[in-house]
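I opened this notebook to record what I looked up in the structure. The entries follow the order in which I consulted the coordinates.

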Amino acid sequence: MIEFFGWEMPVEFSGVIDEHLAVRQKAGLFDVSHMGEIIISGRQALDFVQYLTPNDAARLTPEKAQYSCLTTPQGTFVDDLLVYCLGPEKYLLVVNCSNSDKDYEWILSHKKGFEVEVENKSDDYTQLALQGPRALEILKPLIDVNLEEMKAFGSNWGEIEGEEVLVSRTGYTGEDGFEVYTLSIRPEKIWDTILERGKEFGVVPVGLGARDTLRLEARLMLYGNDIDETTTLLEAGLGWLVKFEKGEFLGKGALLKQKEEGIKRRLVGFELIEKGIARQHYPVFVEGKKVSEVDSGTFSPYLKKSIGLTYLPVEYKEIGTEFEVGIRDKKVKARVVPTPFYKRGEKG
Amino acid sequence: MYPDDFYYTKDHEWIQVKGDKATVGITDFAQKQLGDVVYVELPEVGKKLEFHQSMGVVESVKAVSDVYSPVSGEVLEVNKGLNDSPELVNQDPHGKGWFIRLKVKDEAELEKLMSASEYEEFIEGIEE
């Protein structure tokens, strides 16, 4: 167990590689209750969410969630998050554990002029994630929601073991799967039921270690590593979620300006050509000159090579560009590769 | 679990001495702490190592860790099998997962190391 922002969490159960491959091939169950939940409600809840986040929250319904973020006026990240519409005047923001207090304060500080209520419910919600190609089969008979018809990022309310849950077809692994939120005082019932039912499908409990290797193979961002208050959405490659046409929002001006002028650096995926493992904060050299650091880096259990993410000057962002990563006293060759590193459906 | 004819270090290496030659690896406790080992960097054959000098690096998915030479000596051989099968360190840390063979320079240095029972006591203290 390790201490993770005040939560006691297991890094691994049977081993990072075992758990990682189980999620890619069968299914894995994660306890991600450390994630933060903030509720925005009231007459102007939608307007307020629209102002705080760059994606178009008007497209949300109680059956549809979306990936977005909280932006600074500079177009950088306060946090990245999922937005759920719980009703016409009620939205749930699922934020990073390490940021939930900061996000809550940030949201409160911008509330002036909006008729809304903001509640930090992070300590009340339990969040579980069931991920992997067998996730649907495992969860389907346990819940009174038609999961088969639920699209990616779909969501709905239902019951598991008599406990009310919000379920969505979302996750942080690059696999098909579901996330389940509940305010139940006995959430372990749900955990146990899923593990029991999933046994014949090969489900395993998964810790923080494999959560990180899975998300990195799928090029899903980790706040604090790949994105933070110094990186913009466009630099991170998340321009697709910025809906400039939707109206005013925090950071719009800065992002528009950057879009017109062009970015100077871009987050790229790389793999090491030579032996070694590139880890966070290792220096990155282009033509012998240090230009950045590794933001995320690991051994990819599925691809069996060393992969990572780093910000490179845009003139070097093309696929195939070679550069070097400093590993201890050596400079090890790396190459820009397409991301996501792993895409589901590619396996035989 | 921990063979009686090995010596152990506080950095979780083991050394087995036969005559003036020795085999060195990392302990079962170390491999469990590291988790899945995916890469091992070993010294050149012929390299002269000092007592407690860094002789290599072991990388697991989770972490990277230096490995130190338990005694002074010259590297006679390295375990090439770890290049293709680093998982041997997890599967058989006290056997097929050995790291290097050494020509021991000064046998007296072994007295600075722990016996199996001392090492077991040492790791119990860590686990508590």
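**Entry 1. Confidence**

I noted first that this is a predicted model. I read off an ipTM of 0.85 and a pTM of 0.93. I then asked which element of chain B has the lowest mean pLDDT and which the highest. Helix α4 of chain B (residues 116–127) has the lowest, at 92, and strand β8 of chain B (residues 73–78) has the highest, at 98.

**Entry 2. Domains of chain A**

I consulted the domain assignment of chain A, which gives domain 1 as 2–215 and domain 2 as 264–348. I recorded 29 Å between the centres of domain 1 and domain 2 of chain A, taken over C-alpha atoms. In the contact of these two domains I listed 10 residues from domain 1 and seven residues from domain 2 of chain A. On the domain 1 side, α1 and α6 of chain A are the elements that give two or more residues. α1(A) gives the most to that side, with five residues. By class, I recorded three nonpolar, three polar and four charged residues on the side of domain 1 that touches domain 2 of chain A.

**Entry 3. Helix α1 of chain A**

Why is helix α1 of chain A largely enclosed by the rest of the structure? I found that seven of the 10 residues of the helix (residues 16–25) are buried, and it is therefore largely enclosed. The buried residues of α1(A) are Val16(A), Ile17(A), Glu19(A), His20(A), Ala22(A), Val23(A) and Arg24(A). I then looked for what covers them, and the cover includes β3 (27–31), β9 (126–131), β13 (203–205) and α6 (208–217) of chain A.

**Entry 4. Contact of chains A and B**

I counted 14 residues from chain A and eight residues from chain B in the contact. On the chain A side, the elements that give two or more residues are α1, α6 and β16 of chain A. By class, this side of chain A has six nonpolar, five polar and three charged residues.

**Entry 5. The barrel of chain A**

I traced six strands of chain A that close into a barrel, in the order β14-β17-β16-β15-β18-β19, with antiparallel pairing. I recorded an average twist of 40° from one strand to the next. As background, I noted that strands of a sheet pair through backbone hydrogen bonds, either parallel or antiparallel. I also found that α6(A) lies across β16 and β17 (305–313) of chain A, running at about 115° to β16(A).

**Entry 6. Strand β15 and its partners**

I followed β15 of chain A (residues 283–286) to β16 of chain A (residues 289–300) and found antiparallel pairing over four bridges. Here the bridge partner of Pro283(A) is Glu293(A) in β16(A). The hairpin of β15(A) and β16(A) has two residues between the strands, and Glu287(A) takes a positive phi near 50° in this hairpin.

I then checked the pairing of β15(A) with β18 of chain A (residues 322–327), which is antiparallel over two bridges. In β18(A), Val325(A) is the bridge partner of Val284(A). Phe285(A) stands opposite Glu324(A) in β18(A).

**Entry 7. Backbone details of chain A**

I searched the loops for positive phi in residues other than glycine. Phe153(A) has phi near 70°, and its place is in the loop between α4 (135–139) and β10 (155–160) of chain A. Is Phe153(A) partly exposed or buried? I found 16 other C-beta atoms within 10 Å of Phe153(A), so this residue is partly exposed.

Arg328(A) has phi near 50° and is placed in the loop between β18 and β19 of chain A. With 12 C-beta neighbours inside 10 Å, Arg328(A) counts as exposed.

Last, I looked at the cis peptide bond that joins Thr339(A) and Pro340(A), with omega about 0°. Pro340(A) is found in the segment after β19 (330–337) of chain A.

Definitions and conventions
Residues are numbered from 1 along each chain as its sequence is written. Chains are lettered from A and ligands numbered from 1 in the order in which they are written. This is a predicted model: local features need pLDDT of at least 70, side-chain atom pairs count only at pLDDT 80 or more; totals for chains, interfaces and linings use all residues. A residue is buried if 20 or more other C-beta atoms lie within 10 Å of its own, exposed if 12 or fewer, and partly exposed in between; C-beta atoms are placed from the backbone. pLDDT is the predictor's confidence in each residue, from 0 to 100. Two strands pair if DSSP finds at least two bridges between them. Ala, Val, Leu, Ile, Met, Phe, Trp, Tyr, Cys and Pro count as nonpolar, Asp, Glu, Lys and Arg as charged, and the others, Gly among them, as polar. Domain bounds come from an automatic or database domain assignment. Axes are lines fitted to C-alpha atoms, for helices over the stretch in contact, and angles run from 0 to 180 degrees between N-to-C directions.
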